[in-house]
Amino acid sequence: MPGSGSRSGVSYDARGLVEPHADMPTNIEVDGGRARFDAADLTIRQINMALRKLIYNDGVTDVTVLNPSSKHSLAVGILKRCRIHFEGSPGWFACGLIDGPEVTINGRVGWSVAENMMSGVVTIERSAGSLTGAAIRGGDLIVKGDVGARTGIDQKGGTIIVTGDVGINTGFMMQRGRQIICGNAGMNLGDSMYDGAIYVAGKVRSLGVDCVPGEWDDADTELIERKFRIHGLGDPPEFQKFVCGKQLHNYDALEPSERKLVIH
Amino acid sequence: MCGIAGVIHRDGTADVGAELTAMLQSMKHRGPDSTGYAVYGPADDLVVIRFVLAEPNKSTGFGMEERLERNRAEVESRLAKIGAEVATVTSDTGYAFRATIRYGGDLKALADYLEDVPGCEVLSLGSSLEIIKDLGDAQTVSGQYNLGSFRGTHGIGHVRMATESEVDLASAHPYWAYPFADVAVVHNGQLTNYHQWRRRLEQHGHRFQSECDSEIIAVYLAEYMARGLSLETAMKHSLDDLDGVFTYVCVTGNELGIAKDEMAAKPLVLFESDPLVAVATEEAAIRALVKREVETRDPYEREVLVWQV
């Protein structure tokens, strides 16, 4: 029934791809504050409906999703403290726009995991696709494997930890936050970054525009040791630090209203 | 936005038609307008030709049935005139045909001669390559052409969302590398020096069935291979010669290769085991083929990988 639900009355048929109606799954097992369900035969909308109902309406704080089967956009926009476990591999855009959840994924993820995450922790036990942690604002994102290109593009805060290698344009235009890369980094690391820090333990194929080696201080050591301790990553290897050279953009760090007072 | 997929079995034949259908159907959201396959069955001494005599949405109407029959007879007549011995001619749709012939002559001359028949477009030519493409999603096309029973060693597929051109067969992937036998390509991306390469290749005598940049890749690679380069070397050259953002999969009679541009801007997921290699735009397609949790990865920028049957 394409177009149903449209308040404007305009019918919109996305070539049979829309899912205007979805029934609440009936295979959810709830035990106190915990719940689990098998997502193998569920649609994306059903899975997200179930997650939201359990977390927002039913007081469940710990949900296990079995067999996410690489479906896209799972657990997006959850703005509440809770635990979500994926037993398997979600697809693209998993856990985007979350604020608070602690998510574990024991498989791999596709592109854009935790995009725009505001707070919380997302831990992926295997590899991840490109655009991992794109534009994240806060929280910790841990990938225990390799990731694709453009990790932390437009990153505005938070910490991304990758235990394997990262691809081209990692940290592209990042503005704040930290990236801790235990493996090698591809071309153009930190290209056009504004601020923040990127730590790399392996080889860097090339630095991007205005990305330069940074001075190491005790705060860097403390940060890395703390993150490794919190997330059970063992002893950290030795890292090189890379920061913005501050030659490319305007770095006065003033708000527009403040700039009027200072700059004539 | 389109979806591409490829599969190669290194330990014999398998149901590659059904496998690609499952993979492509799982990516229907990336393109429901048309679906195409390039699949490789066991090679023998016959040449396989896949050709169409009309676009699907123009194959009916007043006098069309007679016209198609007349043109089909003309194709068979021309095959005989050029010295080919026709073994079989079959059709699943009335406008798309599969012929097997005994022919030892020039394939380019053969393709040109057949395409001179009104409405005729040769989709593929070779000893084992068969390109099948039509409008609709993978299940629709597979059902139409009975691909569920196709056994072979490897193949590629494409689901297309028409964004810049018609919903028709000419714009549907895969593309055969006219006039080279058994070479085909599917591609997700945009080539920004398309016109430059098209002019160059046309100056070398090649013709193009479409306005699609993907067809350039097929002919470009086949041209290099015809000069004696391996598929892998030709693909590595393409990373320097072709501008734009792209991920493509190329198949020959016994190989399947993937290439990603230097920005790694277009997605591809790879699963590799001893007997089976599968690639797809999205991991969901790999899951559709391999039901258990498996290790997969995204190939990096400028990565070229080739596997043999």
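## Strand β11 of chain B

Strand β11 of chain B, spanning residues 244-251, is mostly covered, with six of its eight residues buried. The structure described here is a predicted model.

## Pairing partners of β11(B)

β11(B) pairs with two strands of chain B. One partner is strand β10 (residues 184-191), which runs antiparallel to β11(B) and is joined to it over eight bridges. Within this pairing, Gln190(B) has Val245(B) of β11(B) as its bridge partner.

The other partner is strand β12 (residues 255-260), again in the antiparallel sense, here over five bridges. Thr247(B) stands opposite Lys260(B) of β12(B). The two strands β11(B) and β12(B) form a hairpin, and three residues lie between them.

## The surroundings of His206(B)

His206(B) is located in a loop of chain B, between helices α5 (194-203) and α6 (213-226). His206(B) counts as buried because 20 C-beta neighbours lie inside 10 Å; the cut-off for a buried residue is 20 or more.

Setting aside neighbours within four places in sequence, the contacts of His206(B) are Tyr178(B), Leu201(B) and Val219(B). For Tyr178(B), the C-alpha to C-alpha distance from His206(B) is 7.2 Å, while the separation in sequence is 28 residues.

How values were computed:
Residues are numbered from 1 along each chain as its sequence is written. Chains are lettered from A and ligands numbered from 1 in the order in which they are written. This is a predicted model: local features need pLDDT of at least 70, side-chain atom pairs count only at pLDDT 80 or more; totals for chains, interfaces and linings use all residues. Helices (H or I, at least four residues) and strands (E, at least two) are DSSP runs, numbered from the N terminus. A residue is buried if 20 or more other C-beta atoms lie within 10 Å of its own, exposed if 12 or fewer, and partly exposed in between; C-beta atoms are placed from the backbone. Two residues are in contact if their C-beta atoms, placed from the backbone, lie within 7 Å. Two strands pair if DSSP finds at least two bridges between them.
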